[in-house]
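Please consult the sequence and the coordinates alongside the text.

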Amino acid sequence: MTENSLPPCPECSGAYTYEMGALLVCPECGHEWQPASEESGDASGERVVKDSVGNVLADGDTVTVVKGLKVKGSASGIKAGTKVRNIRLVDGVDGHDIDCRIEGFGAMQLKSSVVRKV
């Protein structure tokens, strides 16, 4: 039985927790949390995102696109040298770890390997 191997809920101490994807869920109070094995690396688990030349990026930084990028649904892509202000670091899909808004294109996600910190 998997019920015995899963930890009780940290909120209500309910014993009927179950797995849903990467999370553990308590059906009694509805609390969702990361398993303890992933939380144990909390102190050293802080993710460091670096740009194409190795500078550490942070939320709110301004970056420049270093190579031309094609954009679906747009005749012209994002040109090299385009400045992007106020970035947000996220856990994106397929390595896209920057969430931003580019003037003329709108909100999109970029890979840190195609930008350089200004």
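Is Ser112 buried or exposed? Ser112 is buried, because its relative accessible area is 11%; buried denotes under 20% and exposed over 50%, with partly exposed in between, for a 1.4 Å probe and protein chains only. This is a predicted model, in which local features need pLDDT of at least 70 and side-chain atom pairs count only at pLDDT 80 or more, whereas totals for chains, interfaces and linings use all residues. Residues are numbered from 1 along each chain as its sequence is written, and side-chain values use heavy atoms, with hydrogens and water left out.

Ser112 belongs to the loop that links strand S8 (106-111) to S9; strands are DSSP runs of E with at least two residues, and helices are runs of H or I with at least four, numbered from the N terminus. Beyond four places in sequence, Ser112 touches Val49, Lys50, Asp51, Ser52, Leu57, Asp97 and Ile98, a contact being heavy atoms within 4.5 Å. A polar atom of the Ser112 side chain lies 3.2 Å from the backbone oxygen of Lys50.

S9 also takes part in an open sheet of three strands, ordered S5-S4-S9 with antiparallel pairing; two strands pair if DSSP finds at least two bridges between them. Strand S5 (83-84) and strand S9 (115-117) form the edges, each pairing on one side only. Two bridges join S4 (residues 63-65) to S5, and Thr64 has Lys83 as its bridge partner in S5.

S4 has the highest mean pLDDT among the elements of the chain (96), and helix H1 (residues 36-39) the lowest (50); pLDDT is the predictor's confidence in each residue, from 0 to 100. Over residues 38-43, pLDDT stays under 50.

Key:
A polar contact is a pair of N or O atoms within 3.5 Å; within protein, one must be able to donate a hydrogen and the other to accept it, and residues adjacent in sequence count only if both atoms are side-chain atoms.
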